[in-house]
Structure formats: structure tokens, C-alpha cells
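Here's a quick briefing to read alongside the model. Have the viewer open and follow along by topic.

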Amino acid sequence: MIINHPLLGPRDAAEFVYLGDASLMQRPNPKSETAAEDFHNYQYLRNNPAGEHKELWYHEQGDRSWLVVTRNTLSHEITHVELARDVARSS
Amino acid sequence: MNLIDKNRPFNFKFDGKALQGFEGDTLASALLRNKIQLVGRSFKYHRPRGIMGAGSEESNALMEIHNQGVIEPNRRANMIKLFDGLDVRSQNRMPSLNFDVMAINDFLSPFLAAGFYYKTFMWPRAFWEKLYEPLIRNAAGLGRLSTNPDPDRYDKGFLHCDTLIIGAGPSGLMSALIAGRSGARVIIADEDFEMGGRLLSDPQEIDGASGYEWVSSTLAELHSMPNVRLMPRTSVFGNYDHGIYGALEVKTDEINAQGNIKGARQVLWRIYSQNTILAAGATERPIAFANNDRPGIMLASAMRTYETRYDIDFGKYAILSNNSSTDKNRSDQTIDTRADIWIADTSGRKGLKSVTLNSGEKIATNWLGMSGGWNPNVHLTCHKRGRPKWDDVNACFCPDPNTLPDAMQVIGAANGEFTTHAAFKGAKKACANLGHKSGKSPKADDAPYEVGAFWHVKGKKRAWVDFQNDVTSKDIILAHQEGFSSVEHVKRYTTLGMATDQGRTSNVVGLAVLAEARGDSIPDTGTTIFRPPYTPVSIGAFAGPHGGQHFKPIRKTPSHKFAEENGAAFVETGYWKRASWFAKPGEQGWRDSVDREAFNTRRSVGICDVTTLGKIDVQGADAGKFLNKVYANTFSTLKVGRCRYGLMLREDGMAMDDGTCARFSDTHYVMTTTTANAVTVFRHLEFVRQCLFPNMDIHLISTTEQWAQYAVAGPNSRKLLQKIVDPEFDISNEEFAYMGCQKITVCGGTRARIFRLSFSGELAFEIAVPTRYGDTLVRKLMEAGEEFDVDMYGTEALGVMRIEKGHAAGNELNGTTTALNLGLGGFVAKKKDCIGKVLSQREGLIGDDVLRMVGFTAINPNDTITNGAHFIKMGDPKDAAHDQGYMTSIAYSPELGHFIGIGFLKGGDKRKGEELMAVDFVRNNHIKVKVVSSHFIDPDGERLRA
């Protein structure tokens with residue numbers, strides 16, 4: 001696969017390390033009354049869609065940026081790549 | 001005209017017999033030139049077999065290439081370019097090709113039908129492993145491997161292009177010409193060593209001249225274009241995501257046994273293409289009739305190739321055909337199934353003698369060409385789950401334009417367009433779609449291809465469908481009768497199409513037989529899925545140059561050479577070579593060295609290379625805030641010039657890593673990680689920084705390789721260091737207390753960092769200098785320490801001393817333990833949030849009964865404590881239900897004179913003094929142990945604060 005890095009252009013997937021569902025960026029509020037339940041869901045429950053999936057990739061053999069990659073799990077088509085930091089800042 | 005250079009003869013050996021061929025020959029053509037019909041034995045029945053094809057579709061002619069004890073098995077004779085000195089041997093026969101005892105299977109064939117193994121070797125169960133498996137394994141398999149190491153070199157490469165053209169027949173060459181002329185970066189690859197495809201095999205004219213002439217002038221022009229790369233002997237074997245293709249280039253078939261081959265034997269290419277033109281041609285299929293596998297029966301197109309390109313004279317021969325493509329053969333007699341004549345049987349066990357027609361007429365012939373029509377080579381259109389669609393007119397599967405991989409166009413015979421005229425037309429159109437205009441195409445053969453639907457001759461005798469795996473039409477019909485009617489089931493039950501040729505010649509014929517048995521059409525019967533690789537690729541090519549010590553990188557510390565000079569034995573951790581111990585003359589084994597190193601460090605002073613520990617520079621206004629998040633304990637309150645032990649948790653509450661963190665200024669911390677986890681921790685920190693707290697002012701960089709670092713430990717460590725630390729820096733206990741850190745200079749001005757940290761439990765320091773001074777520093781330290789009898793110590797002595805001190809390490813931080821388990825529950829700060837805090841408080845991870853880290857000693861001092869032993873209460877049964885915990889680390893303590901251990905025990909913090917059984921079924925060592933504090937030495941820490 002080729003991931004079109006927003007800063008570095010198209011890069012081979014071999015340069016990246018895969019983490020998983022981008023929902024891992026939405027860490028729950030530890031002060032909430034439902035924190036125990038929220039963290040359980042955050043840590044262990046994932047959607048496994050057949051189709052478009054937002055996921056986290058780390059450019060370990062490159063500039064060390066975390067990316068949010070929108071990839072179709074059926075066709076491997078990648079439609080969108082963003083810096084995770086930009087996504088995290090805007091949410 | 002042909003492509004054989006008779007002025008360049010080559011000598012080669014087949015089964016030890018000296019033979020001669022010429023430049024331009026393949027091994028297959030050279031064998032035919034020498035009138036050799038019998039070249040191999042079939043897989044299951046050991047039937048005598050001859051050459052069947054002229055290209056990579058070959059099912060029968062599999063050979064071993066030999067050179068000085070090195071063997072490469074299962075090579076197709078038609079894919080070996082003949083060279084001088086080639087030594088090949090037939091395979092799958094015992095003792096010889098001519099007389100094979102396993103041919104008994106052929107006479108037992110009524111018992112060896114489809115599913116034979118499944119039906120026969122079911123019971124008794126006890127026979128599976130002891131009897132059946134060795135028997136089957138002994139009989140199974142094609143070819144042999146030599147057990148010698150592969151002496152050859154393999155390489156890997158990466159290529160980028162605008163257009164990848166797969167296949168260099170008329171359509172591929174024409175596409176390359178058009179795209180090349182318009183300036184596109186083109187790669188054209190073909191598995192043959194000569195480009196030209198069927199233009200080299202079928203006599204035909206292009207623009208009034210011979211096909212050869214058009215090929216050679218086209219190749220000359222392509223060679224002159226700097227933007228076109230021609231890759232003969234390169235098989236594109238797989239289509240992967242986003243325009244990536246795998247290709248195997250064979251540089252030579254010679255084996256490098258004498259060190260005679262320069263460079264790589266094969267190169268595995270990864271080709272990145274913007275768009276692709278598949279011009280892979282088509283493969284002829286056989287017809288299933290009784291005894292259609294005799295040596296001398298081959299594909300009709302292969303016979304044309306041998307006649308035209310290789311100048312082989314078959315003499316008189318016959319053709320069995322259901323289509324018009326065989327009109328180009330020089331045969332004397334065509335048996336055309338479209339005229340309702342076919343072959344009922346054949347004779348000649350080791351070479352064809354005659355064929356008998358359905359009319360009863362017997363024709364004497366040594367050679368027979370057969371053609372059941374053509375299969376477009378659609379494989380690469382299907383590697384991404386594309387499915388071909390059935391073309392009724394041409395009776396074949398063609399690529400489905402709706403399921404093609406992105407940016408791929410298919411032209412020529414691969415697209416079911418079988419004439420040269422259509423090939424040129426397809427190339428012109430495909431190139432136009434890519435924006436490359438072209439002039440008028442050359443005039444070429446446009447005779448229509450006509451095919452009748454004739455697949456197999458019904459009858460009682462065996463008619464081969466899959467020649468390599470010995471699958472006959474009877475097997476397919478039997479499978480259907482036994483309920484295996486789905487094509488995927490038939491494939492697995494009969495092994496149809498599962499041989500090394502992946503069913504290139506057999507799949508569609510097999511489908512036709514199955515469809516008939518089901519009373520269904522071929523498209524409704526469906527196809528199996530095509531997966532990479534299209535042709536066999538050797539494992540050596542996938543490994544490339546990454547064999548032996550190149551399998552993974554080696555990291556050496558700056559004082560590696562010094563360690564080698566001092567008798568170090570090394571252990572690998574996170575690619576690093578770390579010194580385990582330093583053997584001195586007279587020492588009998590590792591324990592002698594380790595005991596001496598640990599004892600000497602506690603008595604006087606020792607030095608240990610700790611460069612490999614991960615070092616991460618953490619800088620920014622929010623550095624303290626950030627570290628509060630990633631460490632369980634608090635770092636924002638750490639004073640400048642001080643260090644603190646830190647425990648890092650995963651979000652699930654388990655301990656991830658530990659280490660120390662030093663603060664050099666308000667905005668600058670230096671974190672250390674364990675050697676093995678340095679990469680994981682850094683990745684985790686970047687995740688926390690970028691994905692969870694993107695607004696913190698914080699930057700991270702790994703400085704592991706920028707600093708060489710040494711632990712100097714023992715009561716004399718300060719005295720030793722005072723000799724090399726420049727006098728303006730005070731490292732006395734008053735000015736530089738335990739857990740202090742400062743920037744200093746050593747040896748007259750070399751900048752350094754010093755930390756008062758202790759893993760050993762002794763008065764100890766860690767001193768770091770820029771990497772390039774590491775070797776000099778360690779030599780200076782050893783020189784300065786001579787008066788204190790200083791010793792180097794390795795990771796083993798380090799381990800002994802940390803167990804004596806009860807410090808957790810990798811064995812304890814094993815991914816299943818929490819801060820509470822480790823006795824560090826108090827470290828999880830109450831007032832602040834950190835990664836892993838919420839989930840570390842889950843039910844089951846807290847409470848009085850959770851595992852707690854404690855120490856153990858043997859009640860009988862002569863007993864050996866073993867790692868991994870489980871604790872059982874005295875008198876309880878030794879089973880999992882009564883498990884109380886387990887031992888994680890053990891060592892012989894030279895200081896105490898007996899073995900000690902640390903481990904996890906349920907509620908262990910309140911069980912000191914209790915006696916337990918430590919049960920080790922792996923080593924069969926069950927001993928009585930006593931629960932003690934894990935701080936075996938200096939429990940109050942007086943030594944390290946001295």
C-alpha cells in the first residue's frame with residue numbers, strides 16, 4: 001500500500017507502524033462519574049467496519065508523525081490522510 | 001529463420017549423460033534436439049512423462065539443477081536457458097527415470113482415486129503420527145532439497161514507472177513503442193529471455209516482412225529510448241495494492257557452488273506503476289482423452305514454438321484440435337473434433353507409438369500435438385478479488401472490465417483477442433486512453449480464431465486433466481458423485497490445479513468436466529480464486545540479501561571493541577550487543593565470572609556499560625505536565641538537578657516500562673527507558689503527544705545513540721570518579737546527594753552528564769559522554785580504577801545485584817503486572833490523572849488477594865531455586881487450582897552464599913515468613929521455600945546514600 005503523507009507525499013506502507021481505530025484519540029474524561037465504564041469502552045470496544053475506516057498509522061521510519069488514514073477495508077482504497085495532531089486539535 | 005546459434009554449442013548433462021545444445025536453446029528444446037522424449041515421472045502414479053509445453057505453463061518437465069552437492073529442485077525445463085556445463089537430473093523417480101519402482105502406484109490406481117488419503121488413513125487414531133505420517137511424507141513431494149546452504153546471492157530492488165507493460169508479445173511491444181515514443185517512463189517485462197511472444201513461435205508476416213524482423217527492429221528502437229526499461233526473464237507474479245507489482249528477475253540459472261557467479265542470481269523487484277497494461281498472452285489447454293499423458297504428446301502451440309523458434313524437426317506428427325490455431329502447425333494430419341473425430345486411446349508407455357481414433361483407425365506416430373483452445377492469462381486481473389467472465393464465442397474466461405484492478409488495461413490474447421491485428425489495435429487503444437497518440441498500425445494477420453467446445457473424451461480409461469498432480473476426469477466425476485460439487489471443494493478434494501503450475505493448463509478443462517457432471521454451464525460452475533504468485537518464486541528471492549547476520553541489524557556500543565578485548569560474552573537485546581560477563585583467565589565458566597563481578601562491585605567498584613538504555617530528551621514549557629501524564633508518579637514537582645524513578649503504565653493499567661528521569665532545567669528532562677522497550681516507549685510518547693495532548697508545548701527526541709553511558713558502582717566509585725571529574729565539580733555526598741544530576745566536564749574539559757543513580761544498591765553513579773568519547777572514557781575509568789581493583793561487570797552481574805536489591809526488571813514487567821503487583825501501588829499519584837490510572841483500579845486488579853512481589857529463599861540451602869516455578873501451599877495438591885503465584889527471577893547471591901528469588905505471590909506482602917512449595921514441573925524440581933522481603937541486601941538503603 002501507499003500512504004499519501006500530508007507533508008512528505010506518497011510513502012510505502014512499510015515505513016509505517018499500524019496502531020488501529022482512530023477512536024483511540026478520543027480518550028475519555030478521567031474525572032467523569034462514568035470514567036470506569038468510559039475507559040473500558042475506549043480500551044476494549046472497537047468497530048470493525050467492512051468499508052471505510054479511520055485508523056492510526058505512525059511514520060516510524062520517517063518523520064515520526066501519527067496520521068489518521070481513511071482506508072476502505074474491503075478495497076484498501078485510501079481516500080484521506082491527515083496529521084493526527086491536526087485532527088486532535090480540531091476536535 | 002530461428003533463434004538458435006549453431007556456431008555456439010553448449011555441453012550439458014541430463015541424468016549424467018553428456019549432451020549438446022546451442023545458444024538460444026532452453027533445456028527443453030535441447031532435450032528435444034537430442035530426441036529425448038522421457039524426461040520425468042508424474043507426482044502420484046509415477047507415470048512416464050515428456051515435455052508438454054514451451055513456456056512457464058509446463059506441468060511435466062520438472063528438473064533438479066545440480067552443482068557440487070547443491071540442488072535446486074522443481075525447475076521447469078522450458079524456463080532454464082541452456083548454458084555450458086548445466087547439470088540437470090530428473091526427479092520423482094527411484095532408482096532411475098527408466099525404471100521407477102514407485103510406478104507400482106500406476107497399477108494400483110483403482111485404489112488411489114480422489115480422496116484416497118482421507119478415506120484410507122482415518123483409523124486407528126494411534127497410527128496417525130507414528131505410521132501414516134512418516135509413510136506419506138516419505139512418498140510425497142516433488143524433487144529433493146540438498147541440505148547444504150544456498151550459496152547464491154539474491155537481491156531486492158525498487159522501480160517506479162508511468163506505465164508497466166506485462167508481456168512482450170505483439171500487443172506489449174506495440175504498447176511500449178507507442179508509450180515510449182511519447183516520452184512516458186515505461187517498464188516492459190516478460191518471463192522469456194527473448195522478447196516477442198508468439199511472434200517468435202508462429203510463422204506470420206507483419207507489414208510484408210517476417211514477424212522476427214518486426215520484433216528485432218522494435219526491440220532496437222525500444223533499447224534506444226532512455227525512458228524505456230526492457231526486462232526480459234522477469235516474471236511479474238503478483239498485483240498488490242495501489243499499483244504495486246511483484247516481479248522476479250532471473251539473472252542466471254547457474255548455481256554459485258564454485259563462487260563463479262558475480263552478483264545476484266535472482267532479483268525480486270517491487271514495481272510502483274501509475275498505470276498498467278496487461279499483455280500477458282494466453283495459454284493453450286490440453287484435451288482430456290484416454291492416456292493423453294504419454295511422452296511425445298504435447299501442446300500444439302509448443303510444437304510450433306519448437307519448430308519455428310528452436311528449429312526442432314519432429315518428423316511426421318499428428319494434431320488433435322478443436323480450433324483454428326493449429327492451422328499453423330506443420331503437422332501431417334489434423335484430427336479435428338469439430339468434424340466429430342477424436343482420439344479414443346494411445347499406446348507406448350515410455351514414448352508415444354500410436355493413437356487410435358473413435359472410428360477404430362490406428363495411426364502410428366511418435367508425436368502428437370493437442371489443442372483444446374486458449375485460456376487468456378487473466379491471473380493478474382484477479383489478485384485483488386477480480387473475477388473473470390465467461391466468453392461463449394471464444395470458449396474461455398476473459399478479464400471482466402468491471403472488476404479490473406485500478407489503472408489496469410488488458411489487451412491482446414490476455415483479453416481474448418487472439419489475432420496479431422487485434423493485438424496491435426488493443427495496444428493503440430490502450431495507449432490512446434493514457435493520452436499517447438500513434439500512427440497507423442502495421443498490417444498483420446487477421447484470420448479469425450474459431451473454437452469448438454470439446455473438452456474431454458468420455459470413457460472408462462483415465463484421461464488426464466491436471467498432469468502434474470495426476471488428476472483425471474474420473475477423479476473429478478467421482479468427487480462430484482461423493483458430494484463435492486462446488487469448484488472450491490473439488491479443487492481441494494482432488495488437488496486439481498494445486499501443483500506448482502497452479503492449474504495453468506488444467507483449471508478450465510477441469511471446470512468443463514465438472515460442469516458437465518453437474519449438468520451446469522461453465523460460468524455457473526464458477527472458477528477458483530487466483531492468488532499470487534503467478535509462477536513459483538524461490539524463498540531465497542523473498543529473503544534477498546537479508547540472510548545470516550544480515551537478517552537483522554546489529555547495534556554496538558562505543559566500547560564494544562573494549563569489551564571484546566576484555567573477554568566479553570555478548571547477549572542481544574533490542575538489536576544491541578550487550579556484554580553479559582567478562583571472562584578472566586582461569587575462570588571455569590560463566591558463573592565464576594558473574595560471581596566475581598558482583599562480589600567485587602559490592603566490595604570495591606565495578607563498571608557497567610549502560611549505553612543501550614533508551615534515552616529520550618523531553619523539552620518544552622509543558623514537559624513536567626506531559627511527564628505527569630505518561631508516568632504514574634509525579635514529575636512536575638521534581639527539582640532541577642534531581643532524578644526520580646518513574647513507572648509508566650499502559651492505558652489498560654498494566655506496567656509498560658520503568659526507568660529514571662532527570663531534570664536539567666525547568667523545560668528540560670532526560671528520560672531513560674529499558675533497552676528492550678526504547679522504541680515502543682518512544683512511539684507511545686509520540687502518540688500521547690500528538691494524538692491525546694496536541695496543545696502541550698513539548699518536543700521529544702531520542703538521544704540513545706548520542707550518549708555513551710557507564711554505571712560506576714561500589715563503595716569506591718566516588719573515589720574513582722573524583723580522579724577523572726574535573727576539579728571544579730563537586731561530587732561529594734554533601735554537594736551531590738543520592739538522586740542528583742548535573743552537567744559536568746571530565747578529563748580536562750570533555751562535556752559530560754553525571755547522575756547519582758543506583759541499580760545495584762551500592763553507592764553508584766552513571767556518567768554519560770558524547771558517543772565518540774565512550775571508548776576513551778571507559779579506558780580512562782579502568783586506568784583510574786586500577787588502584788581499587790576495578791572490574792567491568794556485565795548484564796548477568798547487573799541482574800544478580802538487582803535481584804539482591806529486589807528491583808523489578810523485564811521478568812517482572814511482563815505485560816500482565818500492575819503497579820500494585822510490583823509493590824509500587826503507592827507510585828500511582830492520587831491527585832493527578834495519568835495514562836492507565838483509571839483502568840488500574842478495576843475490580844480484580846485491586847484488593848488484598850492480588851499478586852504481590854516478594855522474595856524467596858530455599859529452606860534447604862543446598863536446593864536450587866528455579867525461575868518459573870509456581871507456589872503451592874504446603875500439603876495442597878500441586879495443580880493449577882491451588883496456584884498461589886510464580887517465581888520470576890532467580891540468582892545465586894555471592895554476597896549471601898545461596899540462591900535467592902523474587903516472584904509474585906497472592907497477598908504476598910502479608911505472608912513474610914510463610915513456607916511454601918515452589919513447584920517446577922518443567923525441570924521436575926519441587927522445593928520448599930520461605931517468603932522473605934525482596935530487599936535481600938541493605939534494605940534501608942544506607943549504602944546507596946553513603
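Helix 10 and helix 11 of chain B cross with a right-handed sense. This is a predicted model, so treat what follows as a reading of that prediction.

- The axes of helix 10 (residues 473-481) and helix 11 (residues 487-494) of chain B come within 10 Å and cross at roughly 120°.
- Angles from 65 to 115 degrees count as roughly perpendicular and those over 145 as roughly antiparallel, so helix 10 of chain B and helix 11 of chain B are oblique to each other.
- On the helix 10 side of chain B, Asp475(B), Ile476(B) and Ala479(B) do the meeting, and their partners in helix 11 of chain B are Val490(B), Tyr493(B) and Thr494(B).
- Sorted by type, that contact of helix 10 with helix 11 of chain B has four nonpolar residues, one polar and one charged.

**Helix 21, tucked into chain B**
- Helix 21 (residues 795-805) of chain B has 10 of its 11 residues buried, so it is largely enclosed by the rest of the structure.
- Charged side chains are on the buried list too: Glu796(B), Glu804(B) and Lys805(B).
- Also among the buried residues of helix 21 of chain B are Leu798(B), Val800(B), Met801(B) and Ile803(B).
- What do the buried residues of helix 21 of chain B pack against? Their neighbours are helix 16 (590-603) plus strand 30 (568-573), strand 31 (576-582), strand 32 (606-609), strand 45 (883-893) and strand 46 (898-906), again of chain B.

**Domain 1 against domain 2 in chain B**
- Chain B splits into five domains, including domain 1 (5-105) and domain 2 (292-372).

**Chain A meets chain B**
- Chain A puts 20 residues into the contact and chain B puts in 16 residues.
- Helix 1 (35-44) and helix 2 (84-90) of chain A each supply at least two residues of the side touching chain B.
- By type, the chain A side has 12 nonpolar, three polar and five charged residues.

How values were computed
Residues are numbered from 1 along each chain as its sequence is written. Chains are lettered from A and ligands numbered from 1 in the order in which they are written. This is a predicted model: local features need pLDDT of at least 70, side-chain atom pairs count only at pLDDT 80 or more; totals for chains, interfaces and linings use all residues. Domain bounds come from an automatic or database domain assignment. A residue is buried if 20 or more other C-beta atoms lie within 10 Å of its own, exposed if 12 or fewer, and partly exposed in between; C-beta atoms are placed from the backbone. Helices (H or I, at least four residues) and strands (E, at least two) are DSSP runs, numbered from the N terminus. Two residues are in contact if their C-beta atoms, placed from the backbone, lie within 7 Å. Axes are lines fitted to C-alpha atoms, for helices over the stretch in contact, and angles run from 0 to 180 degrees between N-to-C directions. Angles under 35 degrees count as roughly parallel, over 145 as roughly antiparallel, 65 to 115 as roughly perpendicular and the rest as oblique. A crossing is left-handed if the near helix is turned anticlockwise from the far one by less than a right angle, and right-handed if clockwise.
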